Amino acid sequence: MLLNIKNLHVAIDGKEIIRGLNLGVNKGEVHAIMGPNGTGKSTLAAAITGREGYEVTAGEIWYKGKNIVGWPAEERANEGIFLSFQYPVEIPGVSMTNFMRTAINAQREYRGLAPIPAADFLKMMDEKKRLVEIHEKLTNRSVNEGFSGGEKKKNEIFQMAMLEPTMAILDETDSGLDIDALKVVAKGVNQLRTSENAFIVITHYQRLLDLIVPDFVHVLFDGRIIKSGGRNLALELEEKGYEWIKQEHLI
Amino acid sequence: MDNNPNNNILEEVTSNEYKFGFFTDIETETAPVGLTEDTIRFISAKKEEPEWMLEFRLKAYRHWLTLTEPVWAHIKYPAINYQDIIFYAAPKRKKELSSLDEVDPELLDTFNKLGISLDEQKKLSGVAVDAVIDSVSVKTTFQDTLAKHGVIFCSFSEAVKNHPELIKKYMGSVVPYTDNYFAALNSAVFSDGSFCHIPKGVRCPLELSTYFRINAANTGQFERTLIVAEDNSYVSYMEGCTAPMRDENQLHAAIVEIVAMDNAEVKYSTVQNWYPGDKEGKGGVYNFVTKRGLCKGKNSKIAWTQVETGSAITWKYPSCVLMGDNSVGEFYSVAVTNHHQQADTGTKMIHIGKNTRSTIISKGISAGKSNNSYRGLVKILPGASSSRNFSQCDSLLLGDKCGAHTFPYIQANNESSIIEHEATTSKISEDQLFYCNQRGIDTEKAIGLIVNGYAREVLNKLPMEFAVEAQKLLSITLEGSVG
Ligand SMILES: Nc1ncnc2c1ncn2[C@@H]1O[C@H](COP(=O)(O)OP(=O)(O)OP(=O)(O)O)[C@@H](O)[C@H]1O
Ligand SMILES: [Mg+2]
């Protein structure tokens with residue numbers, strides 16, 4: 001199993017947000033995580049990626065056979081864990097090109113490789129930009145600065161394409177995207193899918209899951225996964241909302 | 001939760017190593033320790049100066065004796081004992097050197113280690129260098145090439161000998177020895193520095209640069225630079241500096257004067273990297289500098305760009321006196337302080353001529369337990385109709401043990417003038433750091449990246465040769481400032 005989360009408890013400022021969560025992801029799989037606002041989806045993503053302040057109070061996160069709880073965020077990233085942020089961050093004055101080159105080279109250094117030659121890097125940038133159809137000029141601008149909501153989300157997928165992660169987590173990458181952009185993002189993700197990597201897609205909407213078809217759908221509620229199923233579960237949620245599952249859960 | 005990783009990160013990152021802290025063991029000739037009229041006579045004699053130069057020095061010295069050290073800057077340091085300082089130190093010339101042009105191999109080696117090649121063959125074409133070690137200039141490259149264009153670029157001492165009329169005319173014309181305490185001191189004991197004269201209509205074909213190196217112990221460095229750009233000329237000048245790591249503080253008090261005539265443009269760039277002292281604040285250079293440019297002619301322009309990363313104390317206000325109508329003054333500054341460093345820096349823009357314009361962009365970055373102040377004066381005189389100033393002063397804090405202060409002074413005596421001032425204070429956000437970390441970039445690199453981005457506007461003003469160095473330096477200075 002690529003990622004195996006066992007009985008995970010996560011607290012922020014001493015307040016427990018994730019409360020005994022289990023989730024297993026194999027290579028080649030796409031898992032969708034759905035659930036009402038404020039139930040802990042982004043918190044789960046932060047805990048997996050190692051954000052400081054998200055304290056794992058109990059449980060384990062096994063990734064590639066190692067318990068990565070306590071690992072610094074950059075090490076997890078360099079081991080192939082990627083997060084497409086729900087709210088991408090602006091870094092004024094740092095060009096996307098410079099940012100990406102720094103990231104790629106950090107990853108290469110971690111893997112004992114020399115920095116990427118400039119020509120190879122530029123070629124790679126071109127290819128990946130085309131893949132997610134992002135505007136040529138966007139990469140000359142500062143990281144996310146002044147990007148529209150949709151551009152920011154596309155930019156996350158662009159970075160994912162550049163870094164070629166093994167375990168990618170997309171946190172509401174679909175929100176704020178117009179129909180065309182949604183298709184582009186989904187196409188990008190689908191092209192990056194291989195039998196060697198896996199995706200966790202956090203979303204509120206079925207329409208994304210029409211395009212990125214999940215193998216499993218999980219409902220996160222109150223810090224736990226309270227129901228799992230196949231892609232049909234998402235359709236059912238779209239139709240009936242969360243209330244019936246909450247009721248089921250409470251009984 | 002310790003929701004602010006900056007704190008620990010800052011503590012760790014501030015364990016940086018100063019890369020230029022080595023000492024070259026060469027035989028040095030020094031003046032007796034302390035300062036009296038005899039010291040001044042000694043220096044003047046060593047430099048084989050004409051009588052008028054000695055007179056100038058003595059007048060300055062006598063004036064200095066009447067002054068007291070200024071205390072208004074937002075900096076703290078123990079009183080300097082001027083009788084403990086050696087005011088002149090020069091590497092001894094080895095007898096066996098065949099020509100006067102030859103440089104002691106040990107000195108060549110010293111500059112090579114600093115990344116400055118004095119060998120014209122190996123040197124990046126496009127930059128002429130004047131290399132100054134302690135109190136003397138050891139070599140100025142490309143003088144012949146420059147002479148073909150009528151450009152004079154030599155050490156100040158040579159200029160006193162070979163171009164006395166120019167020195168007499170301009171020395172002290174922008175910064176008189178009566179200007180302030182440190183200017184008077186410098187005028188009395190200044191050792192070496194550079195002189196540049198760009199004749200009418202000449203666009204200087206090379207970047208000119210001076211590299212200052214303090215080497216000897218217990219010595220002060222008092223350099224003096226004078227740049228004169230005649231009508232319709234252009235020059236870009238760069239200045240760099242380093243010093244060995246020592247436990248005791250060392251004094252550096254320089255003067256830079258620039259004169260720009262009609263339609264002339266001078267760009268002056270500094271990367272200041274004197275030894276900043278250790279993590280506990282022990283040692284480091286006291287950097288008290290008076291830099292001023294006079295836009296004497298109409299449509300003239302002087303731009304100061306500075307990247308200040310070194311020194312235990314920096315006290316420095318590169319200024320522009322905008323005398324000619326339509327003249328332009330610019331000041332772009334990045335000042336980084338870490339550990340116990342203190343910087344009180346900024347500029348003065350004095351608008352005298354009509355329709356004069358000035359721009360001030362200052363980016364202060366403080367980490368560790370350091371203190372970083374911007375102090376700036378914009379003064380618009382009654383005759384300076386339709387003048388404009390724009391000032392932007394930003395402070396970035398890394399951690400919560402450091403300080404950032406802004407002291408803007410505005411004196412506007414003309415109704416038709418416009419002054420705009422903007423100021424911001426920000427912290428590196430946890431969100432930005434995590435975003436970088438999540439892309440595999442460790443926190444130290446992330447801070448370097450974010451800080452360089454923050455300073456981009458200023459770094460972009462540096463000549464190419466300097467920009468890359470400056471970027472590296474910013475990251476290195478903040479190494480160990482976050483954990
Ligand atoms: N830094 C924080 N400090 C305090 N509380 C927090 C913090 N971050 C998240 N929380 C709380 O944790 C809970 C879960 O938040 P989380 O962002 O994980 O929800 P989510 O499921 O991603 O919601 P949404 O669908 O709205 O994105 C919320 O109640 C939120 O207010
Ligand atoms: Mg969320």
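Let's start at ligand 1, where 13 residues sit around the molecule and A:Gly38, A:Lys41, A:Ser42, A:Thr43 and A:His204 come nearest (a residue is near a molecule if one of its heavy atoms lies within 4 Å of it). Keep in mind that this is a predicted model, in which local features need pLDDT of at least 70, side-chain atom pairs count only at pLDDT 80 or more, and totals for chains, interfaces and linings use all residues. Residues are numbered from 1 along each chain as its sequence is written, chains are lettered from A and ligands numbered from 1 in the order in which they are written, and side-chain values use heavy atoms, with hydrogens and water left out.

Where does the largest share of that shell come from? Helix H1 of chain A (residues 41-49) supplies it, with three residues; helices here are DSSP runs of H or I with at least four residues, strands are runs of E with at least two, and both are numbered from the N terminus. Sorted by class, the shell has eight polar, three nonpolar and two charged residues. Nonpolar covers Ala, Val, Leu, Ile, Met, Phe, Trp, Tyr, Cys and Pro, charged covers Asp, Glu, Lys and Arg, and the others, Gly among them, count as polar.

Now look at the oxygen atoms of the ligand. One is 3.0 Å from an N or O atom in the side chain of A:Gln86, and a polar side-chain atom of A:His204 also lies 3.0 Å from an oxygen of ligand 1. Taken alone, ligand 1 exposes 640 Å², and the protein buries 65% of that (areas by the Shrake-Rupley method with a 1.4 Å probe).

On to charge pairs. Side chains of opposite charge can pair when their charged atoms come close. The whole structure holds 30 salt bridges over all chains, each a side-chain nitrogen of Lys or Arg within 4 Å of a carboxyl oxygen of Asp or Glu. In chain B, B:Glu308 meets B:Lys316 at 2.3 Å, N to O, and both residues are buried (under 20% relative accessible area; exposed is over 50%, partly exposed in between, with a 1.4 Å probe and protein chains only).

B:Glu457 and B:Lys363 form another bridge, at 3.5 Å. This pair links distant parts of the chain, 94 residues apart: B:Glu457 in helix H11 (residues 456-459) and B:Lys363 in strand S18 (residues 357-366). B:Lys363 counts as buried because its relative accessible area is 6%, while B:Glu457 is partly exposed at 42%.

Conventions:
Polar contact = N/O pair within 3.5 Å; in protein donor to acceptor, adjacent residues only side chain to side chain.
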